[in-house]
Amino acid sequence: MANKSICVYCGAQNGAMPEYEHTARAFGKLLANRGWRLVYGAGGTGLMGVLANAVQESGGETFGVIPKHLVEWEMSKTDVTRYVVTETMHERKKIMFTNADAFVALPGGAGTIDEFIEVLTWAQLLLHRKPIILFNDEGYWDPLVELLNHVVKQGFAKESLLTLFSTCSTLNETFHTLDSIEHPIDFAKS
């Protein structure tokens, strides 16, 4: 059976709470210890850098994808297992999507929210059935979950939207959801 590829969206900053950095590091170690590949935005700063470094330090595979205009801004991490520079953000997101079995959003900013909302929208449009997880570290994503509930209550989405993603607040919960992936892509071929 192929190993899993997990796309993780997270901030290019560390955030206001040290717990975010601790979680990113622990998440990276657990990915590597399971033999799963990290697919991420190739940044070397913030939670992205912490996450990728933790995967690498634990002997794991890393697949970084970054648009050329962010190479310097996010201090692109070129020592990943596989490194792709794209022309556009859209191309970046497509490559990350294609090479992932599931998506996890750790705390992050507008870019992380954009990436989460895009894969959620694609699931709503029946373009994929891959698991989507909001890792609600320290309640970080509570306002986003509240907003999505508001969207449903106001009649702009069906209640089924809320079933297209999981909100997890612990690593155990998150990895239990990821363990349920039945048919991972073969990342040796991607």
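This is a predicted model: local features need pLDDT of at least 70, side-chain atom pairs count only at pLDDT 80 or more; totals for chains, interfaces and linings use all residues.
Residues are numbered from 1 along each chain as its sequence is written, and side-chain values use heavy atoms, with hydrogens and water left out.

**Exercise 1.** Find how many disulfides the whole structure has, and explain the result for Cys7.

Solution. 
1. A disulfide is a pair of cysteine sulfur atoms within 2.5 Å.
2. The search of the whole structure returns 0 disulfides.
3. For Cys7, the closest cysteine sulfur is that of Cys10, at 9.5 Å, so the pair is too far apart for a bond.
4. Cys7 is buried (under 20% relative accessible area; exposed is over 50%, partly exposed in between; 1.4 Å probe, protein chains only), with a value of 0%.
5. Cys10 also counts as buried, at 7%.

**Exercise 2.** Determine the volume of the largest cavity and which helix gives the most to its lining.

Solution. 
1. On a 1 Å grid over the protein atoms alone, a cavity is a set of points where a 1.4 Å probe fits but cannot get out; lining residues have an atom within 4 Å of a point.
2. The volume, the space filled by probe spheres set on the points, is about 40 Å³.
3. The lining consists of Tyr9, Lys93, Phe97, Glu115, Glu118, Val119 and Trp122.
4. Helices are DSSP runs (H or I, at least four residues), numbered from the N terminus.
5. Helix 3 (89-98) and helix 4 (110-124) each supply at least two lining residues; helix 4 gives the most, with 4.

Notes:
On a 1 Å grid over the protein atoms alone, a cavity is a set of points where a 1.4 Å probe fits but cannot get out, and a pocket is an open set with protein on both sides within 12 Å along at least five of seven lines; lining residues have an atom within 4 Å of a point.
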